[in-house]
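Here is a walk through one structure, taking in a pocket, some charged pairs and the nonpolar cores. Have the viewer open as you read.

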Amino acid sequence: MNTSAGTPAASGAGRQLARLARETTPENPWPLRLLSTKIDEYINKMTYVWVEGQIVQFNRRPGSGMQYLTLRDADADMSMSVSVFTRELAAIERNTGAQVTEGDRVVVHAKPRFWAKRGSLELRADDIRPVGIGDLLARIEQLRRILAAEGLFDTERKHPLPFLPRKVGLVCGRNAKAKDDVVVNARLRWPGLPFEIREVAVQGAQAVREVTAAIRELDADPGVDVIVVARGGGAVEDLLPFSDEGLVRAAAAARTPIVSAIGHETDCPLLDLVADYRASTPTDAARRIVPDLAEETVGLDQARERIRTALRSRLDTEQQGLDQVMARPVMSDPTVIVRDRVAELEQARERMRRALSATLSLATADLRADQARLRALSPQGVLDRGYAILRSPGVGVVKSAQQLKKGDLIEGVLASGRLVAQVVGTTKPSSESAT
């Protein structure tokens, strides 16, 4: 039993269906026909829309009233089927003066349509317009400014190319002349250079996807030291894939150095700006990725000769210095050094003896002078000249007769010996005293 889109109805078993999708349960699901009907009704409410993309598949069906093509997003891996009446397509091509072909960037005026029986969604087109080259170049210029502002073209982020890669990754067209230009010229410079080659579409609808996948695959190979993306020139529209944002960002994210050899010197797709090195031609890329074996051999021979010359000069200089050292007298008679030092030591000893003797003589003279002065000042010296010192108990040294009285005992200290006497009388200081 069919139900309307907005009114639940009982099933054949008397089950009441959920009115809204969020009200469905495992025990009370929607029949598939109901879901398809609701989707069809919702999509039928949509209006015509202008949508942009790239035609990636288009096989004309002669005699058929309907033509089918596949429209793919230019920057994401998304696509949708498009149908157009044959008569409308013929009118479009007459008006534009160009046939619709695979790889074209177009804008399509279409209405979404859902086929409920097979559950498929497509766009029913009534107008297809190619995107002009001018519009595409303007978009590329806008993208260039965006990427430049993000720093993807800065010199600081570019990787240096290896001097001699172990293996070269090459992304090129199938059976393209650019492949031979790179491989042949590179091996002429360095015979036997190994290559890891990925032949892909370098123009058309599949170019962006295949070139991007090849870059990522070669970047993931640890044996590949440099990647060359080569194409032998072409019209502006042929080089558009190499300005695709997804492809350019994939190249910028690669850890392996990338050489862009797209187009000619005057061409400048965005891949050239983000690559680590921009080659003007595939042949120029071959010259850049490897050194010339013949030139390197000549340079190596010259370097060896310079090393030999420098080594010989150094050895000659060292030999001359050694000969000069060996010519010294000390090398023929090493005892010369000892003898000279012994003579110097004896001379030093003699100088020390003379200096010590002179110092002792002066010191002896000074000592004798000091002794003479001490003797002159000594009381013993006074006694030696005939004088005596009188001392009395309780008085000490007698300096005056008034310190004594009759009957006192005094001691006389002479230059030699002592005596004891008794005072028999005293006189005044002006008179002589008797003992």
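This is a predicted model: local features need pLDDT of at least 70, side-chain atom pairs count only at pLDDT 80 or more; totals for chains, interfaces and linings use all residues.

The lining of the largest pocket divides into 16 nonpolar, 8 polar and 12 charged residues. Residues are numbered from 1 along each chain as its sequence is written, and side-chain values use heavy atoms, with hydrogens and water left out.

The volume of this largest pocket is about 850 Å³. A pocket here is an open set of points on a 1 Å grid over the protein atoms alone, where a 1.4 Å probe fits, with protein on both sides within 12 Å along at least five of seven lines; lining residues have an atom within 4 Å of a point. The volume itself is the space filled by probe spheres set on the points. There are 36 lining residues, and the closest to the pocket centre are Gln54, Gly103, Arg105, Leu136 and Leu240. Elements giving two or more residues to the lining are strands S1 (49-58), S4 (105-115) and S5 (120-130), plus helices H2 (86-96) and H3 (133-149). H3 gives the most, with 7 residues. Helices (H or I, at least four residues) and strands (E, at least two) are DSSP runs, numbered from the N terminus.

On to the charges. The count comes to 29 salt bridges, each being a side-chain nitrogen of Lys or Arg within 4 Å of a carboxyl oxygen of Asp or Glu. Here are some of them:

| Pair | N to O distance |
|---|---|
| Arg145 and Glu141 | 3.6 Å |
| Asp284 and Arg287 | 3.8 Å |
| Glu350 and Arg353 | 3.3 Å |

What separates Arg145 and Glu141 in helix H3? They sit 4 residues apart, so about one helical turn lies between them. Arg145 is partly exposed at 47% relative accessible area, and Glu141 is partly exposed at 31%. (Buried means under 20% relative accessible area, exposed over 50%, and partly exposed in between, with a 1.4 Å probe and protein chains only.)

In helix H8 (residues 282-289), Asp284 and Arg287 are 3 residues apart, again about one helical turn. Asp284 counts as buried at 15%, while Arg287 is partly exposed at 44%. Helix H11 (residues 335-377) holds Glu350 and Arg353, 3 residues apart and separated by about one helical turn. Glu350 is partly exposed at 35%, and Arg353 is partly exposed at 49%.

Now for the nonpolar cores, which are sets of buried Ala, Val, Leu, Ile, Met, Phe, Trp, Tyr and Cys residues joined through side-chain atoms within 4.5 Å. The largest has 32 residues, and Val171, Val211, Val229, Ile258, Leu271 and Val274 touch the most other members. Elements supplying at least two residues each include H3, helix H6 (245-253) and strand S9 (258-262). Helix H5 (207-220) is another of these elements, and H5 supplies the largest share, 5 residues. A second, separate core of 20 residues includes Leu161, Phe195, Val259 and Ala261.

Definitions and conventions
Ala, Val, Leu, Ile, Met, Phe, Trp, Tyr, Cys and Pro count as nonpolar, Asp, Glu, Lys and Arg as charged, and the others, Gly among them, as polar.
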